[in-house]
Amino acid sequence: MRRSIFLALLALSGAAFGSHAAAALPPTVKIGAVESLTGDNASYGIPIRKGIELAVAEINASKMLGKTQLVLTVMDDKADKQEGISVFTKLINEEKVAAIIGPTLSSTAFAADPIAQKAGVPVIGTSTTAIGITAMGDHIFRDSLPQAAVIPGTLAKVIAKYKVKKAAILFESTNEYSKSEADVFKAALPKLNVQITGSESYSKGDSDFRTQLSKLNARKPDILVFCSLIGEAIPVLQQAREIGITQPIVGGNGFNNPNVLKNAKEASEGLIVGSSWFIESTVPRSKVFVEAFRKKYGSDPDQFAAQGYTGAYILAAAIKSANSAERGAIRDALAKVRNLETALGTFSFDENRDPQHPSTPLIVQNGRYTLFQ
Amino acid sequence: MDLSLLSDPVFLLQNLIDGLSRGALYAVYAMGLTLIFGVLDIINLAHAATFMWCAITGWLVMAGLGLPLPAGLLAAMLAGACIALLLEYVAFRPLRREGSDRLSTMISSIGMSLIMVSIAEAVFGVETRRFPSSVLNPRPFHFGGLRISPAQILIVAASVVLMAALGYFIRRTRMGKAIRAIAANQKAARLLGIHVEAVIAVTFVTAGALAGAAGILVGLLTNNIVPDMGGQIQLRGLAVVILGGMGNMEGAVLGGLILGVIETFTIAYLPGGSDLKDAVVFLILFLILFVRPNGIMGRKSAERA
Amino acid sequence: MSGRRWLPWAVVLPIVGLDLFICVRNPGDLDRLLINMILALSAFVTLHAKLLSLANAGFMAIGAYASAIISIKLGLPIAVSIPAAVLLCAGVALVIGMPVLKLKDVYLAICTLGFGEMVRVLIILTPDLTGGSTGANLSTGFPYEAMKQTRTWMLGVLLALLAYLFWALSRSRIGRAFRALRENPQAASTMGIDIVAYRRFAFVLSAMIAGVAGAFYAHSVGSLDNGDFKFNRALDILSYAVLGGSGQWFGSILGGGFLTALPILLREVLGASVGFLKNFAQLPNIINGLALLLVVIFLPGGLASVFGAGRKRPGPAAAGPVRELPDPDKATAPSEAPLLVLEDVSRHFGGLEALGKVGFRMQEGLIYGLIGPNGAGKTTLINLVSGLFPPSSGRILWLGREIQQRPAHRIARAGIARTFQNIQLFREMTVLENVIVGRHTHIRTSLLSTLLRLPREGREERSARADALALLERLGLAELAGQRAGNLSYGDQRRVEIARALAMHPRLLLLDEPAAGMNEIETRKLGAFILELKKHGYTLLIVEHHMDLIMKICDEIVVLNFGRKIAQGTPAAVSRDEQVLEAYLGRD
């Protein structure tokens, strides 16, 4: 039943773009995906890949592009810039893909995306959130909401509800994602009349955060803000609760991950995360996605899988609307994406090719992510 | 500099507690390294990978099979012993027959470490795991504004027990004497009828068991078991071994405690300390080596570079 | 070994083939291949000098960031920023090299590791300069177009230049000094090779090469962040050099090429197949680890050792007229003043007194014997005079100047040469090369003329070679010139050591048990030879147990027992001395 609704929605959205009767699409369109499948960041790259593969399978099965099938080539960038450059070049020159989804890390993107830009190949990032990604060129898009779009809204709600006057921040200093996330928090908090009583950091690989946490808590902040990647997020949460931090904790994006709930258990109760997607989202496309993901992979998707899945659908929609496998045409169609119904909600690219879709602050209650009111 | 924090005695004591427990971890880790180095003149850079596999073994036993902490600890120490023995047979023994130098053994251990970590990543993936909270009560004890968690108590207790046990083993048992003989002069020991290969195997088994204990303790304290977990502690462990004087067991323990306290105090009191702590640790290492090239407690030897 | 001529080719061809395959298939991989080969060379330099340095990742980072900052923030062209970055690396290497290089191998490894981590910390702590943890990229003021300045052909040229540099160095006295240093630093220092200076040279050169590789990395990738230079990279670089072999520079290039090409090959072969990739993705790391392990155990010389010695083996000695023995170098004319004076020299090892207040004088042109029971301190005395370690107290005067605190290489340069009781030849080098090392202090060519292969350098090398050959002829060892020194018989090895020491044209020659293991005939020949040396103006101090030899040829004999001098005088006088007899024969 769900499936047919989904297919109907699909067909409708296809219609929304206005179908061109004449099929100018070749029988196959090659697209590439470059993700970190090994190394520390594989915990992002692998879910993204799963999301993309699920989407492509659905797109092909539902014949969203008519008789045309998408051929997906997935490559591992190993979170290494040179490897990223290498696989981008290979996909562009050898495989001659029409577009690339990825890479996983912003740092890889800074080295690899310009190559696609130069070759006129559109790129859709599904996890690259650093400042300056889309500024690299008019062929570079992303569907991953930068922290600066998500955080202020979440913070406003938190501050109102808990009457926050003082806040303390802990973040990873060796990682551009966490560091810039922390910077966004540090900029947003004073604007909301909150005093930052302390800011501590740790390096990649650290596993004992008690000292930093005690130091932050000594000033008695009303809330604590943590900007961590998933690996450290869990112990940070656990140790915070262990040393007696009872105040509300606001987590950065790294905390929006089912593994946090699974491993941190009680420690994650009451955690607040500003997110671009969550698993209980009532967006129809999202429900379909979650069910299909669980069925195919036997586990829960996370935000990154959702973004990857959406990225593939956005690309397919653009291909369909351009009715062409030609790189330039796809790029133009991407730039025109407005109000597309996706698993992330109603999605548009703004004039800088950055994503626009509603974000949701979440709070963990009874071991589940729920909407934070 | 945060003056109010500086004058807070509770904060100071808390940091001392945290620092000592962190340091005790380093000490247990370093004991295994020091043993191998002191006896065999080998820098075992695969100690970290061994330690990581032991932690994973503990996780398999406690989270997978649901067994309690003592079982997990035993399993981890057994695993460590086996892995260390494997290392000896595969990576170190073949080099001994050729009479190769320290460089070769270091490189050989680096190779094994790469292989071990990669296999762990391939089999277990990169997600972080933790021991189930049922194995050890995570709630800390509070008294007078200070807090100390059961894990921290266990670590300090374990390090004391292990050091005492190891000391007794080395000093009072026959095997311990044989180990000391080999450490002094392998050739002579052989001539005295000591079965050198067997004693070396025992040395590795002991060091491996120590790595196993360290793996469980770190897992309990940090709740972050991941194939990469050896990286940070490896650097610290090596620094401790050097600080304490290569091959000196008491020095290793002392060095570990000192390092743990320095690291904690750097984070707590130095502005921006958490970024600087790695640099501070190494700076202190450089300085000590500059002044005392044989470590804090190392003997002065005529042999220099 | 000679039957396996095909072995080198079986090794080289697949590697070269792999690398070519990359170049043709995907130009995007070519930059990486060349950069890694250059990095392999930087690791080779320190490995060759037996320094386990893991600092290369740190220097690579310095080179990368320095060049990026200079070219972008200062707006200078890369022709300026890259050399500047390299010079900065050299400077840093000099500074940290001073304390660090004095440490033993494992301390060195850890300190260099620590250095790498500190560089990363520094990068993160200076965000205005380096972009901090967000990296050097567009958003932090390092625009891509401005960064991407280098072309692949530049890397090719750089690699070729470096290959030439290494080729020229390895054929020169510098290369020879390194080979000597590798094998036996102690012996090398007694030939006048300044171990510390050479190690520092290796460290700085390695830093410079890593720095230039880093600079090119920055400009070819177009963006940087501190994660590019982690500990793992230092290990990767090390593995290139280990695989290649620490003996030959071209091995490292092969090693770097192979370990870079292999994961790429795997990627091409395994493709992007869906299920596969997850499980095989760790394969390159496992292969790296295996390469390190297997090479170190089964092929300790690395890939390069498959090619055998690789160096041009000196041909058989040209038959010619037997040349005269060389004269010792005398900066000042011989005089009545003593050549060497020991004043109250003592040496303790822990609680043990090896030498206690020993004093005597040596006149130029005489042969002195130093005898005493085992453990009397004879070799300790030789070691003191030759500068292996200083005395605990007392003075040693050479031509009137104090030398007891001088290091061995400076004493060698001052004109004192020695042989060793337990033969310290450079076993892997040929006999001829061993002796040519003795000419080290006399070959006066600068680094520049070595690199440019100026005619002067060739002349000096040829002349050194001729001198060495002549010495070998004089000692009856000419046919063995091309043999590996370690293959020789005991007696022959002793004579090679003497030839090597003589090659220094020393004003004073210290022989430690030269006749050990020789039979009567050989001993007599040795005696005759030593007398000839005396005729040529050499001064000798000989430690010996062969009493007949000593009594026959020495002008004066010093007798030690339990570290103290108990007698000194002519052979006749000493042989009748009560105390000497007691020391040797014991009391009744």
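Predicted model: local features only at pLDDT ≥ 70, side-chain atom pairs only at ≥ 80, totals over all residues.
## Chain A: overall form

The secondary structure of chain A consists of twelve helices and 15 strands.

The C-alpha atoms of chain A occupy a box of roughly 70 × 45 × 35 Å along the principal axes. For 373 residues, a compact globule would have a radius of gyration near 21 Å, and the value for chain A is 21 Å, so the two agree. Of the 373 residues in chain A, 64% are buried.

## Chain C: overall form

Chain C contains 25 helices and ten strands. The C-alpha trace of chain C spans about 90 × 55 × 50 Å along its principal axes.

Of the 588 residues in chain C, 54% are buried. Among the contacts in chain C with a separation of 6 or more, 75% link residues 24 or more positions apart.

## Two buried residues of chain C

C:Gly192 is located in the loop that joins helix H10 (185–190) to helix H11 (195–221) of chain C. C:Gly192 counts as buried because it has 23 C-beta neighbours inside 10 Å, and the cut-off for a buried residue is 20 or more. The C-alpha atom of C:Gly192 is separated by 9.2 Å from that of C:Arg439, although these residues are 247 residues apart along the chain. When residues up to four places away in sequence are not counted, C:Gly192 touches C:His409, C:Ala412, C:Arg413, C:His440, C:Thr441 and C:Met504.

The second example, C:Leu560, belongs to strand E9 (residues 556–561) of chain C. C:Leu560 is buried, since 25 other C-beta atoms lie within 10 Å. Apart from neighbours within four places in sequence, the contacts of C:Leu560 are C:Leu370, C:Gly372, C:Ala376, C:Gly377, C:Lys378, C:Lys565 and C:Ile566.

## A helix pair within chain B

Two packed helices are described by the angle between their axes and the distance between the axes. In chain B, the axes of H2(B) and H9(B) come within 8 Å and cross at roughly 165°. H2(B) is therefore roughly antiparallel to H9(B), as the cut-off for that description is an angle over 145 degrees. The crossing of H2(B) past H9(B) is left-handed.

On the side of H2(B), the residues that make the contact include B:Leu25, B:Val28, B:Tyr29 and B:Leu35. On the side of H9(B), they include B:Ile200, B:Phe204, B:Leu210 and B:Leu217. The contact of H2(B) with H9(B) comprises 18 nonpolar residues, three polar residues and no charged residues.

## Where chain B meets chain A

Contacts also connect the chains. In chain B, 29 residues are in contact with 27 residues of chain A. On the side of chain B that touches chain A, at least two residues each come from helix H2 (9–40), helix H9 (196–222), H10, helix H11 (249–269) and helix H12 (273–291) of chain B. H2(B) provides the largest share of this side, five residues.

By class, the side of chain B that touches chain A has ten nonpolar, eleven polar and eight charged residues.

## Where chain C meets chain B

In chain C, 35 residues are in contact with 38 residues of chain B. H5, helix H12 (231–244) and helix H15 (283–298) of chain C each give two or more residues to the side of chain C that touches chain B. The largest share, 13 residues, comes from H5(C). The side of chain C that touches chain B divides into 24 nonpolar, six polar and five charged residues.

One helix pair spans these two chains. Helix H10 (residues 230–243) of chain B packs with helix H5 (residues 105–125) of chain C at an angle of about 135°, and their axes are 11 Å apart. This angle makes H10(B) oblique to H5(C). H10(B) passes H5(C) in a left-handed crossing. The contact is made by B:Leu235, B:Leu238, B:Ala239 and B:Ile242 of H10(B) together with C:Tyr107, C:Ile110 and C:Leu113 of H5(C). These residues divide into seven nonpolar, no polar and no charged.

Definitions and conventions. Residues numbered from 1 in each chain as written. Chains lettered and ligands numbered in written order. Helix = DSSP H or I, 4+ residues; strand = E, 2+ residues; numbered from the N terminus. Rg over C-alpha atoms; globule rule 2.2 N^0.38 Å. Buried ≥ 20, exposed ≤ 12 C-beta atoms within 10 Å, placed from the backbone. Axes fitted to C-alpha atoms, helices over the stretch in contact; angles between N-to-C directions. Parallel < 35°, antiparallel > 145°, perpendicular 65-115°, else oblique. Left-handed = near helix turned anticlockwise from the far one by under 90°. Contact = placed C-beta atoms within 7 Å. Nonpolar A, V, L, I, M, F, W, Y, C, P; charged D, E, K, R; others polar.
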